[in-house]
Amino acid sequence: MTLEFGVDTFGDVTWDENGNDLPHGQVIRNVIAEGVLSDKVGLDVFGLGEHHRPDFAVSAIEPVLAAIAAQTSRIKLTSAVTVLSSDDPIRVFQRFSTIQAISNGRAEITLGRGSFTESFPLFGFDLSDYEMLFEEKFDLFKRLATEEKVSWQGRHRTALKQQVVYPRPEKPIPVWIGVGGTPESVVRAATNDISMALAIIGGNPARFKPYADLYRDVRKKMGAPMLPLGAHSPGHIAKTDKEARDRYFEGYRIMHARIGRTRGWPPLTRDAFDHEVEQGALYVGSPDTVAQKIAATVSVLGLDRFDLKYSAGPVSHDAIMDTIKLFGEEVAPRVREILAIG
């Protein structure tokens with residue numbers, strides 16, 4: 001068994017020591033420092049999610065990943081996720097091929113529909129085409145990733161005939177698909193020879209076992225080799241359980257309220273937060289507490305990769321750096337010890 005550990009972020013806008021929002025530029029510079037530290041402490045993957053709203057600073061993933069690539073030597077660099085439905089698959093392929101070159105082969109990409117929809121009106125797409133846009137662009141991107149000369153036709157862009165797209169990557173770019181938990185998405189990933197990343201952001205992670213099993217069952221029935229299976233969940237690590245919960249709660253509550261205003265969520269109470277930490281998908285606590293919980297999730301789902309979404313609203317950059325350091329230096333080795341992974 002092999003197991004990779006990653007971290008990812010949306011570039012949440014954090015506060016300064018006086019409780020004021022940091023400028024987006026400073027947040028992005030802090031994200032680059034977080035990526036560099038992730039490499040230094042031995043983590044395997046660093047991911048960035050794309051958003052187009054005031055509380056997240058990262059709208060253009062690729063330049064930030066490129067900056068991290070230039071300052072690191074080992075860590076894989078991926079999106080988490082690229083909202084393919086509102087982007088141009090050719091430009092996405094070109095940008096990640098460029099990161100592949102800068103990083104000397106460490107680029108990956110995770111594709112998704114996007115649970116936030118701000119990018120659709122921003123780039124001139126109709127939300128009524130939500131499903132069709134993804135299906136069509138996913139088909140084109142898959143061809144770009146696997147074929148040198150691409151012929152393709154669809155409704156939302158001009159047709160291609162034996163088109164070569166540059167720069168050509170020196171080796172294939174690994175492609176993942178982010179799945180929120182529908183059987184159709186699981187089957188699509190399995191049948192298209194794409195690794196699957198489960199977005200587990202609430203509730204007991206064990207409830208996703210049927211999706212992990214379905215993915216493996218489809219691959220087996222196809223007679224196809226197994227591909228890596230990953231999961232992404234939020235969390236925070238400090239020296240003690242109390243410190244981690246206290247340091248994380250307020251920022252997480254603020255983020256929950258901001259998103260919840262548009263989704264009809266009730267305000268988050270401390271009791272509900274503590275319950276999610278103890279019974280759900282929040283990996284918050286001391287290194288040993290978080291390691292035990294990750295090991296249990298990896299075991300029940302049969303994961304090959306676990307990614308911790310470490311940012312949450314205005315949780316400070318210093319606290320984030322502490323979490324990354326503890327995750328790489330203490331949690332990851334402890335999980336491998338629990339699971340007897342060499």
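A residue is called buried when its relative accessible area is under 20%, exposed when it is over 50%, and partly exposed in between, with a 1.4 Å probe and protein chains only. By that criterion tyrosine 283 and phenylalanine 306 are both buried. The model is predicted, so local features need pLDDT of at least 70 and side-chain atom pairs count only at pLDDT 80 or more, while totals for chains, interfaces and linings use all residues. Residues are numbered from 1 along each chain as its sequence is written, and side-chain values use heavy atoms, with hydrogens and water left out.

Rings of Phe, Tyr and Trp (its six-membered ring) pair if their centres lie within 6.5 Å; planes under 30 degrees apart count as stacked, over 60 as edge-to-face and the rest as tilted. The whole structure holds 13 aromatic pairs. In one of them, the rings of phenylalanine 134 and phenylalanine 138 have centres 5.7 Å apart and planes at 15°, so the pair is stacked. Both of these phenylalanines are located in helix H5 (residues 130–146), 4 residues apart, about one turn of the helix; helices (H or I, at least four residues) and strands (E, at least two) are DSSP runs, numbered from the N terminus. Phenylalanine 134 and phenylalanine 138 are both buried. For tyrosine 283 and phenylalanine 306, the ring centres are 5.0 Å apart and the planes stand at 65°, so this pair is edge-to-face. Because tyrosine 283 belongs to strand E11 (residues 283–285) and phenylalanine 306 to strand E12 (residues 305–309), the pair ties together parts that are 23 residues apart in sequence.

Ring pairs also join Tyr248, Phe249, Tyr252 and Phe273 into a cluster. A charge sits over a ring if NZ of Lys or CZ of Arg is within 6 Å of the ring centre and within 35 degrees of the ring normal. The charged end of arginine 263 likewise sits over the ring of phenylalanine 116, at 4.5 Å from the centre.

The nonpolar core comes next, meaning a set of buried Ala, Val, Leu, Ile, Met, Phe, Trp, Tyr and Cys residues joined through side-chain atoms within 4.5 Å. The largest such core has 97 residues, and Phe46, Ile294 and Phe327 touch the most other members. Helix H11 (residues 317–338) gives the most to this core, with 8 residues.

Helix H1 packs against H11. The buried residues of H1, including Val27, Val31 and Leu37, pack against strand E1 (4–9), strand E2 (45–48), helix H2 (61–69) and H11. H1 has 17 residues and reaches 25 Å from its first C-alpha to its last, close to the 24 Å expected at 1.5 Å a residue, where the expected span is 1.5 Å times one less than the number of residues. Serine 38 lies in H1 (residues 24–40) and counts as buried at 0% relative accessibility. Leaving aside neighbours within four places in sequence, serine 38 is in contact (heavy atoms within 4.5 Å) with Val7, Leu43, Phe46, Ile75 and Ile324. Its C-alpha is 7.3 Å from that of lysine 325, although serine 38 and lysine 325 are 287 residues apart in sequence. Just after H1, glycine 42 takes a positive phi of about 90°.
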